[in-house]
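Please examine the sequence and the structure shown below.

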Amino acid sequence: MTQIIDPVCGMKVDPAATPHRARYQDRDYFFCGEDCRAKFVAAPEKYVAGEKVPAPPAKPGTIWTCPMHPEIRRYAPGPCPICGMALEPLDPIAATEANPELADMTRRFWIAAALSVPLAALGMGAHVMALPVPTHLLVRLQFALATPAVLWAGAPFFARGWQSILHRSLNMFTLIALGTGIAYLYSAAAALAPTMFPPSFRDMHGDVAVYFEAASVIVALVLLGQVIELRARARTGGAIRALLDLTPKQARILRTDDREEDVPLDQVKAGDRLRVRPGEKVPVDGIVLTGHSAVDESLVTGEALPVEKAPGDKLTGATLNGTGSLVMRAERVGSATVLAQIVALVAAAQRSRAPIQRFADRVAGWFVPVVVGVSLVTFVAWAIAGPAPAFAFALVNAVAVLIIACPCALGLATPMSIMVGTGRGARAGVLIRNAEALERMAGIDTLVVDKTGTLTEGKPKLVAVEAASGFDENTLLRLVASLERGSEHPLARAIIKGAEDRGVALGAVSDFRAEAGLGAAGNVDSRRVAVGNAAFLAVDLGAWRERAETRRREGQTVVFAAIDGKLAGIIAVTDPIKRGARAALDDLRGQGLRIVMLTGDSQATAEAVARGLGIAEITAQTSPAQKADAVRKLQAEGRHVAMAGDGINDAPALAQAEIGIAMGTGADVAMESAAITLLAGDLDGILRARRLSRAVMRNIRQNLFFAFAFNAVAIPIAAGVLYPLWGWLLNPMIASAAMSVSSVTVIGNALRLRSIRL
C-alpha cells in the first residue's frame, strides 16, 4: 500500500482517520493536524517542490527533527528542508546512539583534506616556487584532484543548496553551494578551454587564474566546521544522557515462591515485588512493602540529605538505597516512571522555541537574499573599477562574500542556549516545560505561593482529635480517616497516618465525592461522613468555631467533621514551615519580587505561617476558582505573575499564571498544569529557576550579538572595502574558516551554560 505522507512534517497520515486535508493543483493532500494544514495552505508550492516519500526509519519508531525548526519531522536522518542542518532524533534514547550524519561528514572531511593538501601545494608551486612544469599540466592535475574533493566530498552542500532553492528557504548551504560551485566551474572552464577567455581575465603572463585549491579547501574547512558543530551539538544532550545513565539495567524480582531472580529492567511489570539491596539503585517507581532505609534522592530531586523510607512510603526509580534492605511493589515502569517523564519533558523543552527566536527568524528570512545581492554588487563593482585582471578580482571577492556570511550562527543562537539551559536545569532539579517559560521567568515581578506543600512541608502531623458530645475520639478518627483514604490532600494523609499510629482500624468507603479546596464526603460503615470547612458541612458550629480559631492562631490547621448530618468534632494537624523557606523568600524579595500567599486554609492559620515567613499579603479561605481569580486580578494590574503550588486545588491558578511552578512532591495534575516543576519541592528551586532563566537569556543575547557583529564586520571586509586603504583582500579560504568558526563559537558559548552555578 502506498504511504500517505504529510508534505509539511513528513509524518505518515491515515486519510480515513484525519479530517485535515487540502486540495492543490487537482490533488488532495492529507495532514497530521491543523497546524500543518494551515502552513501548506499558506504556501503550498513550498512543500510540493521536490516532494518525495521519505525513506523507512533507521530505527522503528525513531523520528528525526531539526533543532532550529522543531516543526520538521522525518522518519530518517538527513538535512532539514528549511535550514539544511542535520536532523537529530526526537527520541532521547536514540539521541545517545551513533550519529550517522557525523560519521558521513567525518569521512568526507578526511578525504577532502587529503586531496586539498597537494592541491594547495600545487597552487603554491605554480605561483610562488615557479616549478619547472608547464602551467597547463599543473592546471590539469589540480582539476583532477579538485573534482572529487568538491563534487563528491562537497555533494551534501550542493544537494542542500539545491533543496533550499526548491523549498524557497535560502540558507547557509545556498551560499556555500553558490560560492564553491562558481569557483569550481570557473576554474574547470579555465582548465579545459582557456582560449575562450578574453584578455581581461588573464594575468601578466597571459594565463587564466584558477581557484581549484580555494574551492577544495573551502569544502574541507566547511566539512571540518560541520564535524565540530555536530560533536558540539551532541554535547548539548549531555543532560539527557546523564539522566538516562541513572537508570539501573536490572531489577531483583521476588517470585511467588519467594525465589529471587535478577531480570532486565524492561521485564518488570506494575505489581511485581522487587528487592532493593543496600547500595543498589531503586529500579522503578513504587511503594515500600517491608524494610527501613535512608534513600539518596539527590540525583533526581537535588536534595542532598537522604530521605528515610518505611513501609507505605514512595520510592522513585534511579534513587540510591542506603544501608537498609527494602522490598517494594512496582507501580510505574518504563515510560511511566518519574525519571522517564523527566527525560521526555527535558527533550520536549529542548525542541521548543522561545519568543525571542521569532526575531532571529525574521532576520534570517531576508539575510541570504541580501548576501547574494551584496555578492552581485561586489562582482559588478570589481569588474568595472578593479585592477587587472578585473574579472578575476571580481570573482574572488564575490565568492568570499558568499562564503563568509553565516546565517547558521544567527539561527543557532537561541536553540543551542535553550537546549543546554534546559538540560542544566534538569540536573539541578528544575524541569522547564518549554522555552517560552524559560524566557518569561526572567521577567516575573510577582510570586504567588500556596501554603500547604509549598511554604510548608506538606507532611502535616495529626496533633489533636476533639469529639463533640455523643461521639468518642477513636470512632470519630476511624470514620474520618477511612473517608480520607480517597483523597490526595496532604491533610488527608496526615489523618490516615495518625489513625494508623494510634492502632485505629479503617473501614471501607462508598459513594465518595470530593470538592477541591472544600472537603470530602462518603459512606463508612453505613454512616454518612463529611469532613472539610464549615461551608462544605453546612452545620451549626456553635462554640466549636472559637475552639477551632484558637488552634489556628497557633498555626494548626483545623477541619470539621460531621456524621449523619451532625457536627462530630474537629481534627487538628500541624504542618511545619519548610527548611530554608524564609531565606529563599527574603532573597526573592531582595530581587524586587512581590510575594503573595494564597491558601484555602483559615485566616488565622495563614497569618501564623505568614508571620514566620515575613509575608505581608495574604488571601485565605480561597477556593480553586478564587485562586485563579486572584492571579487574574494581579495580571489586570499589569503584574507579571508566577504561581507556585502543589495541590489539585492549585491547578487552575497554575494554568492562569504566566508561569506556573509546581512542587514535584505534589499532585500530578499540578505538575501537568505548570510550566516549571521543582523536583525537590523547595522554594530554593524558584531561585534556581530564576537564575537559570536570566543566564539563558543573557547567553542568547550574547549569541545574537556575536552573530550580528560577525556578519556586519565580515561581509564588508570580504567585499573588499579595505582594499582602497591598505590593499587588504580576504582570501575565500580564510572566509570559509571564519564562517565555520562563527557557528562553533555560538555553540561553544551556549555550552558554558552547563557549568553555571544555580
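**A guided reading of the model**

Residue E466 belongs to strand 17, which comprises residues 461–467. The model discussed here is predicted. Is E466 buried or exposed? Its relative accessibility is 16%, and because a residue counts as buried under 20%, E466 is buried. The side chain of E466 is in polar contact with the side chain of R547, at 2.6 Å.

G555 counts as buried because its relative accessibility is 16%. Where sequence and space are compared, G555 and E607 are separated by 52 residues in sequence, while their C-alpha atoms are 8.0 Å apart in space.

Helix 6 covers residues 172–192.

Helix 15 covers residues 473–484. The same reasoning applies: at 1.5 Å a residue, its twelve residues should span 16 Å, and its end C-alpha atoms are 16 Å apart, which agrees. At the start of helix 15, a side-chain oxygen of D472 comes to within 3.2 Å of the backbone nitrogen of N474. Which residues of helix 15 are buried? They are L476, L477, L479, V480, A481, S482, L483 and E484.

The largest cavity has a volume of about 60 Å³. Its lining is formed by A183, Y211, A214, A215, I218, L395, V396, V399 and P732. Helix 7 (212–235) and helix 12 (390–404) are the elements that give two or more residues to this lining. By class, the lining of the largest cavity contains nine nonpolar residues, no polar residues and no charged residues.

The second largest cavity holds about 40 Å³ of space. Among the residues that line the second largest cavity are M172, V222, G225, Q226 and E229, and the lining also includes M739, S740 and S743. Helix 7 and helix 26 (732–751) each supply at least two of the lining residues. Which element gives the most to the lining of the second largest cavity? Helix 7 does, with four residues. The lining of the second largest cavity divides into three nonpolar, four polar and one charged residue.

Finally, the aromatic rings deserve attention. A search of the whole structure finds ten aromatic pairs. One of them is formed by F109 and W110 and is tilted, with 5.1 Å from centre to centre and 55 degrees between the planes. The partners may also be compared by their accessibility. F109 counts as buried because its relative accessibility is 14%, whereas W110, at 58%, counts as exposed. Elsewhere, ring pairs link F143, Y184 and F212 into a cluster.

Conventions. Residues are numbered from 1 along each chain as its sequence is written. This is a predicted model: local features need pLDDT of at least 70, side-chain atom pairs count only at pLDDT 80 or more; totals for chains, interfaces and linings use all residues. Side-chain values use heavy atoms; hydrogens and water are left out. The expected span of a helix is 1.5 Å times one less than its number of residues. Buried means under 20% relative accessible area, exposed over 50%, partly exposed in between (1.4 Å probe, protein chains only). A polar contact is a pair of N or O atoms within 3.5 Å; within protein, one must be able to donate a hydrogen and the other to accept it, and residues adjacent in sequence count only if both atoms are side-chain atoms. On a 1 Å grid over the protein atoms alone, a cavity is a set of points where a 1.4 Å probe fits but cannot get out, and a pocket is an open set with protein on both sides within 12 Å along at least five of seven lines; lining residues have an atom within 4 Å of a point. Grid points are joined across faces, edges and corners, and a volume is the space filled by probe spheres set on the points. Ala, Val, Leu, Ile, Met, Phe, Trp, Tyr, Cys and Pro count as nonpolar, Asp, Glu, Lys and Arg as charged, and the others, Gly among them, as polar. Rings of Phe, Tyr and Trp (its six-membered ring) pair if their centres lie within 6.5 Å; planes under 30 degrees apart count as stacked, over 60 as edge-to-face and the rest as tilted.
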